[in-house]
Amino acid sequence: MIDARHWRATEKRMEFTIPGGKLKGRPIGEADDETLNYWAERIGRELAQNPNKPYADRDQALVGAMNAEKQRR
């Protein structure tokens, strides 16, 4: 299940957002590479340390979306 705090529905697709910092709530497509790298690494480390943590599915989806955005660029 994906927590609604980190995505929002757009016209045709689900859009993930930055979970904190100056860009909190902004779509990941608007974030710079440094921000995407920071959050993907941070959330990835947290998942590696505790893969059964609350909202692990949401966080895994967010990391995947951030990595996809980096690849898209």
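A residue counts as buried when its relative accessible area is under 20%. By that cut-off, 37% of the 73 residues in the chain are buried. The model is predicted. Its chain holds 2 helices and 2 strands, in the order β-β-α-α from the N terminus.

**Overall fold and surface**
- Among contacts in the chain with a separation of 6 or more, 43% join residues 24 or more positions apart.
- The chain has an accessible surface of about 5,100 Å².
- Carbon and sulfur atoms account for 48% of that surface.

**Nonpolar core**
- The largest nonpolar core has 15 residues.
- Within this core, the residues that touch the most other members are Ile18, Ile28, Leu36, Ile43, Leu62 and Met66.
- Both helix H1 (33-49) and helix H2 (56-72) contribute to this core, each with at least two residues.

**Largest pocket**
- The largest pocket holds about 160 Å³ of space.
- Its lining includes Ile18, Gly20, Gly21, Lys22 and Leu23.
- Asp32, Glu34, Thr35, Tyr38 and Trp39 also line the pocket.
- By type, the lining residues comprise 4 nonpolar, 3 polar and 3 charged.

Technical notes: Residues are numbered from 1 along each chain as its sequence is written. This is a predicted model: local features need pLDDT of at least 70, side-chain atom pairs count only at pLDDT 80 or more; totals for chains, interfaces and linings use all residues. Side-chain values use heavy atoms; hydrogens and water are left out. Helices (H or I, at least four residues) and strands (E, at least two) are DSSP runs, numbered from the N terminus. Buried means under 20% relative accessible area, exposed over 50%, partly exposed in between (1.4 Å probe, protein chains only). Contact means heavy atoms within 4.5 Å. Accessible areas come from the Shrake-Rupley method with a 1.4 Å probe; for residues, only the protein chains shown count as cover. A nonpolar core is a set of buried Ala, Val, Leu, Ile, Met, Phe, Trp, Tyr and Cys residues joined through side-chain atoms within 4.5 Å. On a 1 Å grid over the protein atoms alone, a cavity is a set of points where a 1.4 Å probe fits but cannot get out, and a pocket is an open set with protein on both sides within 12 Å along at least five of seven lines; lining residues have an atom within 4 Å of a point. Grid points are joined across faces, edges and corners, and a volume is the space filled by probe spheres set on the points. Ala, Val, Leu, Ile, Met, Phe, Trp, Tyr, Cys and Pro count as nonpolar, Asp, Glu, Lys and Arg as charged, and the others, Gly among them, as polar.
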